[in-house]
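Try each task before you read its solution.

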Amino acid sequence: MSPLVEIRDLSKSYGELAAVKQLNLSVEQGDLFGFIGPNGAGKTSTIRMLATLLRPTSGDAWVAGHSVRQDPRGVRRLIGYMPDFFGVYDDMKVWEYLDFFAACYKIPMSGRPRLIGDLLELVELDHRREDDVDKLSRGMKQRLSLARTLVHDPQVLILDEPASGLDPRARVEIRALLVELSRMGKTIFFSTQILSDVAEICTRIGILEAGQIVTTGSLEELRSHHPSQRRFEVILMERGEEAIQHLRTLKGVTEAQLTAGNHVPGRVHLEFRFAGDDRELSDVLASLHQQGLRVLRFHETSRDLEDVFLRVTKGLVT
Amino acid sequence: MVLKELRGRMRGGRAFVVLTVYLIVLSCGIGLVFLPVTSGSLAPGYDLAMRQYVGKGIFGLAVLIQFITISFIAPGITAGAIASEREHQTFDILRTTLLTARELVQGKLLAALSFLLLLLLAAFPIQSLAFLLGGVEKEEIVIAALMLITTSVALSAVGVFFSSLFKRTLPSTVLAYAVSFFTVAGLPMLLMLLITIASPLVALLFMDTSGDMSPVAAVFLVGIAWLLVSSNPLIAAVTTEAMLIDGQSPWVYRVPIPSSAPFGGVTDLPVPAPWIAYVAGYLLLSLVLIWASIRLVRRPEV
């Protein structure tokens, strides 16, 4: 099966500056693809080319076989685009905003009230339907923007930093919405700098630096392709120092220490770095039990994507 | 797009204030002319000619106020049409929808024209006082309406064009008003200046020692004068009105030229009435500006 989004040798230059260089990437149907990279890596340029807003200097990209160069209108039918800034009309009510964009997508007037109701319900803004858009919080506006990308039921959502500038609650809400949309069958291509979000929800990840893809794959694939010392957190009931000393003697453990915030009685948090395989990892846990240490929690921290990111990128910008 | 624009424009107090101030100014202006009729100076004698004269004056004043209002408002409501979408960062979102550049420009233009048409229609009840007094011919009403609509379309097209050209509303508004001002006030001044400067030059170049002008030179000069007269709405309107008062056809104006003219002994050169040239010329210019605006909006970012 051919990929739903395919980018081939895509380049974008602004005068002498090459923002995107011979980029090759594919996104399969149903992927929740996280596109990460440092500032100036070329994420927004890539996304704008995919959204038919920016003409590529060379190369091409296809969405369900429609070329962004040759058939931008065909691409627009298939994508829902959300930019990294928040653009709404302040003199509109929430439902009017969606109604206007439904009209822009030529959706018949008769079908719009139901569509708007469904979308507002999906993004949990049905109770704000009659409110002016400018009265909404930033998180709500972002959810409304996301609803706007869905008015024509696109196959692919192209979102440029959808969680940027949101407070933690709004970020969690947007993240949950993306997962829900992915579950509904949407293919989602989104850029972000929040690695924990990517690690948590993405099925595939692409890391971009200086206009070039440095690696792609699922989190597991990235881990195996770019092995690094994984980090684990352990929560014990007691005997933290003793556990640290013991961990340091175990195979694969390269570093172990108590973590900050050990203030709750009966809870000792410690962290260790591990360079072994999964079998050796299970031995670590078994060994802790054998020492009579009461383990309350033993888990890998999500910073492993950070490690991969730091490992594959060199801090270059275009 | 039209519905969205009109919703935005009519919501809130701004449209109401504009409409109210405009109608107050119009009422006051017409009231000042109408006052002598009702206060008695003209009432008892039933001087038909004088009443018709006052009626014509009321109609002319109303058209002038409408014209000035349009000249002020049209650039203002259109100069931000596209540029404000860019400023509010909604332009990119619109461009990724199925809305075409033509629909976007047309929608913005039609919304602006709808509001201007509302202003013109709102004046009609006050303006119709002139019809009570008589003196206003139906040709004058039709010609005035056509010229006002043409001016609305042309100045709106100018605003939309600059709005498509610039990313910011400020330069777009400044240039739209500059062009509007030049069209309305600058051209008559330029015309007067040209006449002042060119008169001695014309005499020197085209007249012989006895003060006669060759027919070819006369036709040439009439052509230039006709173009200049037709290029300004006020001058075109006044000239057309003078033609009608003079009993000439509203379609063709006969310009007397030297008797030795090379047109089979015809001494009058027929030219289309200035209002026709104004309407045709400015509508054509509007079409060009609308086409250019669509091209600018469609232009992909490079």
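## Exercise 1: A helix pair in chain A

In this predicted model, H5(A) passes H6(A) in a right-handed crossing.

**Solution.** 
- Start with the two stretches: helix H5 of chain A covers residues 138–149, and helix H6 of chain A covers residues 168–183.
- Next, take the geometry. The helices pack at an angle of about 15°, and their axes are 9 Å apart.
- Now look at who meets whom. From H5(A) come A:Arg138, A:Gly139, A:Gln142, A:Arg143 and A:Leu146; they meet A:Arg169, A:Ala170, A:Glu173, A:Ile174 and A:Leu177 of H6(A).
- Sorted by class, this contact has four nonpolar, two polar and four charged residues.

## Exercise 2: The nonpolar cores

**Task.** Find which residues touch the most other members of the largest nonpolar core.

**Solution.** 
- The core holds 130 residues, and those that touch the most other members are A:Leu98, A:Ile158, A:Ile188, A:Phe189, B:Ala62 and B:Ala157.
- Ask next which helix gives the most to this core: helix H9 of chain B (residues 138–165), with twelve residues.
- Apart from this core lies another, of eleven residues, including A:Val253, A:Val268, A:Phe272 and A:Val284.
- Then zoom in on A:Ile188. Leaving out residues up to four places away in sequence, A:Ile188 touches A:Leu32, A:Phe33, A:Leu157, A:Leu159, A:Leu178, A:Leu181 and A:Ser182.

## Exercise 3: Where the chains touch

**Task.** Describe what chain A brings to its contact with chain B.

**Solution.** 
- Begin with the count: 21 residues come from chain A and 18 residues from chain B.
- On the chain A side, the elements giving two or more residues are helix H2 (72–78), strand S6 (79–82) and helix H3 (94–104).
- The largest share, four residues, is from H3(A).
- By class, the chain A side divides into twelve nonpolar, two polar and seven charged residues.

## Exercise 4: Chain B as a whole

**Task.** Say how many helices and strands chain B has, and what share of its residues is buried.

**Solution.** 
- Chain B has 13 helices and two strands.
- Of its 302 residues, 31% are buried.
- For scale, the C-alpha atoms of chain B fill a box of roughly 70 × 55 × 30 Å along the principal axes.
- Finally, take the contacts in chain B with a separation of 6 or more: 81% of them are between residues 24 or more positions apart.

Note on methods: Residues are numbered from 1 along each chain as its sequence is written. Chains are lettered from A and ligands numbered from 1 in the order in which they are written. This is a predicted model: local features need pLDDT of at least 70, side-chain atom pairs count only at pLDDT 80 or more; totals for chains, interfaces and linings use all residues. A residue is buried if 20 or more other C-beta atoms lie within 10 Å of its own, exposed if 12 or fewer, and partly exposed in between; C-beta atoms are placed from the backbone. Two residues are in contact if their C-beta atoms, placed from the backbone, lie within 7 Å. A nonpolar core is a set of buried Ala, Val, Leu, Ile, Met, Phe, Trp, Tyr and Cys residues joined through C-beta atoms within 7 Å. Ala, Val, Leu, Ile, Met, Phe, Trp, Tyr, Cys and Pro count as nonpolar, Asp, Glu, Lys and Arg as charged, and the others, Gly among them, as polar. Axes are lines fitted to C-alpha atoms, for helices over the stretch in contact, and angles run from 0 to 180 degrees between N-to-C directions. A crossing is left-handed if the near helix is turned anticlockwise from the far one by less than a right angle, and right-handed if clockwise.
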